[in-house]
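Hello,

Here is the structure we talked about handing over. Please look through it alongside the notes below.

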Amino acid sequence: METMSRGLSRRSFARILGTGLATAALAPTVGGAQEAQPGPRPVPAPVPAPGAMPVDDLVRLSANENPYGPSPAAFAAIQGAFGRACRYPDDELEALSEEIARSHGVNRNQVLLGAGSSEILKLAAAAFTAPGRAVVVAEPTFEAILRYATTAGAETVKVPLTADHRHDLTKMAAVRKAGLVYVCNPNNPTASITPKGEVRAFLKALPPTTAALVDEAYFHYAESPDYETVLPLIAEHPNLIVARTFSKIHGMAGLRCGYAVALKETVERLKAHQAYDSLNLMVLVAARASLGDAAHLEQSRLKNRDVRGRVCSALDGMGLRYIPSSANFLMIDLRREVKPVREALRAQKVDVGRVFPSMPNHLRVTVGTAEQMERFLAAFKQVMA
């Protein structure tokens with residue numbers, strides 16, 4: 001893996017792991033003598049699932065991950081924390097929460113960490129939806145909140161995006177008996193934004209009894225002057241929750257850390273539904289280190305913009321349309337059914353996004369490295385020919 005070479009190499013990781021196995025193999029002593037014990041059993045190599053391809057042989061462009069991986073500082077922080085793995089992560093959780101609060105100019109009690117922003121979505125569904133208290137979402141959007149609300153017994157209301165792929169916030173705010181309105185901005189899977197003026201008007205129009213959850217997972221990639229984060233508006237809107245994640249530009253999708261920012265009372269309502277110690281020590285120290293490496297985040301953003309632009313130019317040359325992207329992925333109009341194209345790309349070891357039923361002719365593709373996108377384009381041109 002490319003990112004493993006930064007700070008924490010396979011070799012150093014294996015050395016750390018090997019030391020742990022050797023220590024575990026030492027026999028307990030009786031009367032000062034060491035009892036004979038069998039040596040450690042070799043760890044078997046992972047067995048791939050039937051039909052699975054080797055990970056290194058597959059171009060993964062399906063989950064909107066950052067292909068450049070975490071900051072080297074994050075790897076170093078993880079390595080340094082191995083010796084404290086026996087401890088509960090309370091101190092590190094408090095330190096990261098303080099750092100996030102300071103960076104956003106809010107109080108510590110306005111920040112709630114979660115195992116990815118997905119946990120924040122789950123907590124919001126548990127706290128604000130129920131039978132008779134619906135969740136309102138755009139169609140299409142990130143689907144997790146729908147599953148969580150359904151589990152809570154809530155009705156789910158889908159409001160189609162506008163023709164230019166904005167959230168139709170006027171219609172969303174008008175839904176009666178809504179407990180929670182979910183706004184993903186920039187939106188997944190369309191990579192489109194909803195203009196800041198419309199979002200501000202929506203927050204003013206929303207009844208105070210309805211919570212607004214604005215998911216800003218892709219905030220760092222958005223560069224349009226018509227886009228803004230709503231974090232500064234929390235003081236004006238007690239019903240507003242903002243979700244962020246370390247899974248995207250921070251490159252930590254496999255480590256799982258996200259957070260919510262809201263008023264203290266809202267955070268307490270969310271926290272009441274959270275499991276104890278849902279975050280582990282390693283991700284907490286890694287996330288804190290990543291916050292301090294602004295240069296790495298900026299490099300990831302600039303690389304994404306550059307490679308995305310090159311892909312868009314290639315699509316222009318093919319005569320294909322795509323939704324203007326404010327994120328690290330593209331939604332391409334194939335003018336034909338997506339599923340066969342997706343399967344044909346997979347056969348060429350290029351894995352792209354899932355099918356979205358409301359947009360059956362649009363293909364979602366994560367923006368990978370320049371090399372990965374060259375492989376994608378080569379396979380894509382062949383499949384589309």
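**Threonine 190 and its surroundings**

The side chain of threonine 190 forms a polar contact with the side chain of asparagine 187, at 3.0 Å. A second polar contact, at 2.7 Å, links the threonine 190 side chain to that of serine 192. Please keep in mind that this is a predicted model.

Threonine 190 sits in the loop that runs between strand E7 (178-184) and helix H7 (196-205). Its relative accessible area is 0%, so threonine 190 counts as buried. Setting aside neighbours within four places in sequence, threonine 190 is in contact with Pro140, Leu161, His165, Ile323, Phe329, Met331 and Met359.

**Histidine 362**

Two of those residues come up again here. Ile323 and Met331 are among the contacts of histidine 362, together with Ile332, Asp333 and Val338, again leaving out neighbours within four places in sequence. Histidine 362 belongs to strand E14 (residues 362-366). With a relative accessible area of 14%, histidine 362 is under the 20% cut-off, and therefore it is classed as buried. Arginine 321 is 41 residues away from histidine 362 in sequence, while their C-alpha atoms are 9.7 Å apart in space.

**Helix H4**

Helix H4 covers residues 116-128, 13 residues in total. From its first C-alpha to its last it reaches 19 Å, close to the 18 Å expected at 1.5 Å a residue. The helix is mostly covered, with eleven of its 13 residues buried. Those buried are Gly116, Ser117, Ser118, Glu119, Ile120, Leu121, Leu123, Ala124, Ala125, Ala127 and Phe128.

**Cavity**

How many cavities of 30 Å³ or more are there? The count comes to one. The largest cavity has a volume of about 30 Å³. Its lining consists of Asn66, Pro67, Tyr68, Tyr221, Asn304, Asn328, Val367 and Gly368. Of the residues in that lining, four are nonpolar, four are polar and none is charged.

**The chain as a whole**

The protein chain holds twelve helices and 14 strands. It has 385 residues, and 48% of them are buried. Taking contacts between residues at least 6 apart in sequence, 72% join residues at least 24 apart.

Regards

Methods
Residues numbered from 1 in each chain as written. Predicted model: local features only at pLDDT ≥ 70, side-chain atom pairs only at ≥ 80, totals over all residues. Heavy atoms only, no water. Helix = DSSP H or I, 4+ residues; strand = E, 2+ residues; numbered from the N terminus. Expected span 1.5 Å × (residues − 1). Buried < 20%, exposed > 50% of the residue type's maximum accessible area, 1.4 Å probe, protein only. 1 Å grid on protein atoms, 1.4 Å probe; cavity = no way out; pocket = protein on both sides within 12 Å on 5 of 7 lines; lining within 4 Å. Points joined across faces, edges and corners; volume = space filled by probe spheres on them. Nonpolar A, V, L, I, M, F, W, Y, C, P; charged D, E, K, R; others polar. Polar contact = N/O pair within 3.5 Å; in protein donor to acceptor, adjacent residues only side chain to side chain. Contact = heavy atoms within 4.5 Å.
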